[in-house]
Amino acid sequence: MDQQSSGTLAERVDGTARQTSQEVGSAIRDLAVSARELEMAETAAGLEATAEQLDGDTFELLVVGGFRSGKSTLTAALSRQAGVVFREVSGSGPAGRPALTGIADRAVQHCDAVLRVYHCAALSGAIRSAGASDPAPEGTKVFRVVNLYHGRPADDRVKGYVWNMHVRDQLGGPAWSGQDPASYGIHFVDAERARAAVEAGNRAEVEASGLAELERRLADFLLEQRRPARLGKYAAQAARLAEPVEQHVRQRIRAARAEQSRLRDACASALTGLADRGNRPAALPALFCRYRTQAEAALSARLERRFDVLSDGLGPFVAGAGAAFGPVPGTAPQDGTAKAIAHSVREYVADGLARWAEEDAQAVLVPLAQELSGDLERELTAIARPYAVLRRELTGLESAAGEEPPAGFRPRWLSAAGGFLPAGFRGPGAAAADTPAGWARGVVGDGFMAESSAAGPAAGAAGPRGLGASTASAALHGDGVGDTDGEQRLRAQAVSLGGSALRDLCRQLIPAVVVRLRRDVDALEATLTAEVTEAVAGVEGEIRALVDGCRQRQAELDREQARLTGIGTAVAGRLRRLQEALVTGRPVRPAVSEPPRPRPDLALPPGLAQDLARHHAAFHRDRIAPALARAQEVLDARTVTVVFGGHFSSGKSSLINCLIGRPLLPVGEIPETGVPCEIRSGPVDRFTFFDGHRSQDLLRTTESIARVVSLISRSGLYRSEVVGGERRLLLELARSPLPPETRWMDSPGINDTAEMTARSLAMAAESDVLVWVVNSRQPMSTVEEEFLRGHRERHGPDSVAVLVNVFLAEDTPGRWQEYLTTRAQQHRDRLETALDGALPTELAFVSARAAAADRDGYGGPQARALMDGVSRLGAPAVTAARDGRVATLLQAAAEETEALLQGRPRASDALHALRHHLVDRAASYCPQVPDRSEGTG
């Protein structure tokens, strides 16, 4: 009895089971913490509730039996067990109490096991009736307890009777021949003695009463079978609840990475584009230059035409101004008339220039100003739009159409454009001096047509000669002409002088208007350019501030990703803890510290070898020496050979791809591998195909491999060159999990063709360890069972490891947990049955397809750990497998020696000594290999 099996049911359940439950509960609570960190309150609450349910979970055992069978006494002895609830229900009894049987039938649906109690004095009827109407449904464990009254011992007579009644007659098993009844769930307990011993705390009496053995068996069952199921239920529930947590973490990390990438690109674009975009205001002078040139030409032309009109109309104006110009009061008649004529001409010219300012200049400048405004709007929008794009890229916010120009641009330049007319050309509402009439009178001035005019009012140049008194007197009285004729001559003279003055004024005024226009346009250009430059600088400052903010945001996203990655890693680790709790739910019994077995030399003792050479030379040379040499080769081999075998399409190649982390070997629903594929570690990747004595280097692709190893052609037929050829493939991988001294071999699937089964059998025979891949979707076939039994008989019980390749409906953690909870134990039990109860020590569950995408989940770590244990020279699993092979070789030689002895009644002592030597050596290497030879003396 090892340490793990010792102790009461209470000690083991409250110790081992409670500790594991606490570990699983801790993992579930940690998942809840992760959910709360992600603000997933509902998920966190569900996980916390699951952990609380796990904390309050207990094993429930139903105690049934006939009336007065001792159920209550046994329950009293057992009911002090922590973590276990016993419910006593009468499952059968006298007629008239059928309702109790119904109660038992309902209660048993929710229990972990049933304890059926029999009175030792009424065994026959009780066992028969229990067998006919047992309340336990299929799959529920039943412990049958025979209550020994009055100190009756459980002797062989009682054991044999109960055994034959239940095992032989009801189950169809073998008859009693000294077997252990507990192996079929039959226990003999003195319940009254046990209760008294428990109350007195007398462990020796508890042991003697048979209760201690029942407790140990109960603890083994609860801890090894029911505990995984119960933990699996809560773990699967937690995994389903936590699945959104993983998805949420992945989504947020993807979103953070996408945001970081966007910000990084936006910052780079902003910084590289700011210099070029800042030079856009340099395009403004060209706009103003074009406007200025057009305005100058148009204004000059219109002004020149206006002077032409004034010149053409001066004569009619003077002629039709009145019948006579009255004298100006206070002056001589002739002077008054001249001044009146000059005054009228000045008013005429001033009115014409005022109309030019009001009409012609406005007609020219307003359209040009509007055109300039449109060009400026487009140019400023072109300047502003890239900044809006940058702002949108940096902030992720869309800009409205009206917000394209920089803030504040539009009102300023539109108001400036509204004052585009030169100062003197403004319309009504301006200051008196700035009205067109005021400007025109200022331009014409009182000196227009005045005698001895010193300077023109517009340009400061010499003005035309005026109508003086002498001119007027000569015009009115000269040569004896009357007043009427003199006035006509004075009018003509005024027209002549006025025309000359208009021509002089035109030559002087046009350059002055151009200068005034240039000055005003230049001032407007300087104002707008300064405003645009200031606005661009402000926007650039804003963009740079946004870039700095984006960099800070990137740093925040770095921290957020680190936090989310930490949460994701923690969640994955906690889910793995749940998976491990399911996969390793059976308690691992601690290995008893034993000294290593002696490994004696295989060579025959010198004296025995000489006797055999003298008396049985041919037998020694042809049979014994080769067998010993072959056994020594197995022990001395420096290369570990691991062969992957299994039914065709069980997923061997997919599993190897998963284990090496590279999708190299071809996979499919139909049989793919028909050629032995050897995988080794190497300095570089190199794929070599051997066909008989020829070799060829292949491209390092799955397609090139498929062309030489695939069993089925594209037309669906078997490829004769693969089925009947001598092909093999060597894959040397630079990045490989294999140790340098190890090679993995992918063999063809069995039960496909006779050739493939034979090829797989030959490869398995050369292996140190055969890793058998089982398809979770189909039961193990009879061919597989026979293959494995034969291999273990020939190579020893430790020569086989099993990987169950799980095919999930969906590759999600929830589906994986569901499989481990509901089906993994079924597969384990089925394997145990198929292998006659000898389940391989090395066994793991893995979903190759899912684990290829998620190396830390779906049983991938467990599969890699198993392969690591069977792939290293000197590893315990490899040593045990080689010892088993050596033992089977020695045992086979011992059987041949035994056969030789059987045919020779007077055989020499050398053969007897050889047989004993071989059997002894076989047992020293592997005590589990049975001795099938029989001694003859």
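Predicted model: local features only at pLDDT ≥ 70, side-chain atom pairs only at ≥ 80, totals over all residues.

1. Residues are numbered from 1 along each chain as its sequence is written, and side-chain values use heavy atoms, with hydrogens and water left out.

2. C658 has a relative accessible area of 5% and is buried, whereas C289, with 37%, is partly exposed. Here buried means under 20% relative accessible area, exposed over 50%, and partly exposed in between, with a 1.4 Å probe and protein chains only.

3. Helix α23. This helix spans residues 813-822, and seven of its 10 residues are buried, so the rest of the structure largely encloses it. The buried residues are P813, G814, W816, Q817, Y819, L820 and T821. Helices (H or I, at least four residues) and strands (E, at least two) are DSSP runs numbered from the N terminus.

4. Salt bridge count. The total is 42 salt bridges. The criterion is a side-chain nitrogen of Lys or Arg within 4 Å of a carboxyl oxygen of Asp or Glu.

5. R306 and D360. Their side chains form a salt bridge with an N to O distance of 3.2 Å. R306 belongs to helix α10 (residues 284-319) and D360 to helix α11 (residues 333-395), so the pair ties together parts 54 residues apart in sequence. R306 is buried at 11% relative accessibility, and D360 is buried at 12%.

6. D685 and R662. This salt bridge has an N to O distance of 2.8 Å. D685 sits in the loop between β7 (677-681) and β8 (686-691), and R662 in the loop between α18 (652-660) and β7, so the contact ties together parts 23 residues apart in sequence. R662 counts as buried, at 13% relative accessibility.

7. R216 and E213. What distance separates N and O in the salt bridge between R216 and E213? The value is 3.1 Å. Both residues lie in helix α9 (residues 211-278), three residues apart, which is about one turn of the helix. R216 is buried at 9% relative accessibility, while E213 is partly exposed at 28%.

8. Network. Salt bridges with shared partners link D180, E207, E213, R216 and R217 into one network.
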